[in-house]
Amino acid sequence: METNQKDILILAIESSCDETAASVVKNGREVLSNVISSQIALHTLYGGVVPEIASRKHIEKINQVIEEALKEAKVTLQDITAIAVTYGPGLVGALLVGVSAAKAISFATGIPLIGVHHIEGHISANFIENKELEPPFICLVASGGHSHLVVVKDYGEYEIIGRTRDDAAGEAFDKVARAIGLGYPGGPKIDKLSKEGNPDAIHFPRAVVQENEYDFSFSGLKSAALNYLNGCQMKGEPVNNADVAASFQKAVIDVLVDHSLAAVKNYGFDKFAIAGGVASNSSLRAAFEERCNKEGIKFYHPSPIFCTDNAAMIGVAGYYEYLKGVRSGYDLNAVPNLRLGER
Ligand code: KG4
Ligand code: ZN
């Protein structure tokens, strides 16, 4: 790889849930490698992520994934400026594997260590393919564990203005998918099946949270979908799974789009970005594209591979933390419920 002395190369490590991932990122926005070892096939057997199995699998894979990331980037540890690692939020046992690996490499080589917030990583994924994107902007983070509306004030400076009161958007996708027999992870499967269904076939509720117009609530929608399925079963009526998937998905998207666009307008921004696993949903992307176009808002989104968990996004976030002078000590620990903007 063409690198010179002034280049800042970040080796990034991510192991917060069910992907063991490592990446090398050059000067914050150029991804030299992005290696992801997914455990999805393993957890599918159990219908969801089994934390103990995730930790064990991370231990098996982590060194191999890091070596591959360096090899693919055509660099060695001697070229690396800093090591960025996700230290929260996530599953504690899973996080610990990445954090321990990063600390061990840092200790052995003297390369500085930087702990990165997983959600900061998701947001930063937008910088990879949108070279012109700079803060401030509003970002919707919708993943398996989070549904946040965030004002990105500057690199590494965030204000959460909306959050879910109960289930995360991805969690609702996964639960409804399980109920119609699609298996784990449900998001991509509902995305696919919806294309064969009618989004207006069943009317599911769009929850409004009275106290904060930017907050979300998906548990009522999830229950409505489950009740609908139970009702059909009790009455002996056939269920059109594609219609359920499409109608449920439309209800989630309507709420995400309405709340996000209200925030962008009220805060007076002209830039909006999406992030997290749910951001790879094709109908969601199309809906945002259309509404943003109509309202003269520039819409940014990462490619699907940078929406779901990966280490490149951690490398980008780590780069901006590095520039700000953030360094972590060898006492860096996994923090399962780490808040955005906290250290
Ligand atoms: O960001 P992510 O990979 O991991 C977390 O940090 O949680 O998000 C995973 C979530 C899962 O709930 C998965 O079902 C959902 O993202 N997801 C999707 C799609 N792809 C992944 N949801 C809807 N449509 C998709 N295409
Ligand atoms: Zn994630």
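This is a predicted model: local features need pLDDT of at least 70, side-chain atom pairs count only at pLDDT 80 or more; totals for chains, interfaces and linings use all residues.
Residues are numbered from 1 along each chain as its sequence is written, and local features need pLDDT of at least 70, while side-chain atom pairs count only at pLDDT 80 or more. Chains are lettered from A and ligands numbered from 1 in the order in which they are written, and side-chain values use heavy atoms, with hydrogens and water left out.

His122 sits in helix H4 (residues 118-124) and Asp309 in the loop between helix H11 (304-307) and helix H12 (312-323), so that the pair, 187 residues apart, links distant parts of the chain. His122 has a relative accessible area of 2% and is buried, a word that means under 20% relative accessible area (1.4 Å probe, protein chains only), and Asp309, at 14%, also counts as buried.

We turn now to the helices, which, like strands, are DSSP runs numbered from the N terminus (helices H or I, at least four residues; strands E, at least two). The axes of helix H6 (residues 169-179) and helix H9 (residues 241-266), being lines fitted to C-alpha atoms over the stretch in contact, with angles running from 0 to 180 degrees between N-to-C directions, come within 11 Å and cross at roughly 175°. H6 and H9 are therefore roughly antiparallel to each other, the term for angles over 145 degrees. Ala169, Ala172, Phe173 and Val176 of H6 make the contact with Phe248, Gln249, Val252 and Leu256 of H9, where contact means heavy atoms within 4.5 Å.

Key. Angles under 35 degrees count as roughly parallel, over 145 as roughly antiparallel, 65 to 115 as roughly perpendicular and the rest as oblique. Buried means under 20% relative accessible area, exposed over 50%, partly exposed in between (1.4 Å probe, protein chains only).
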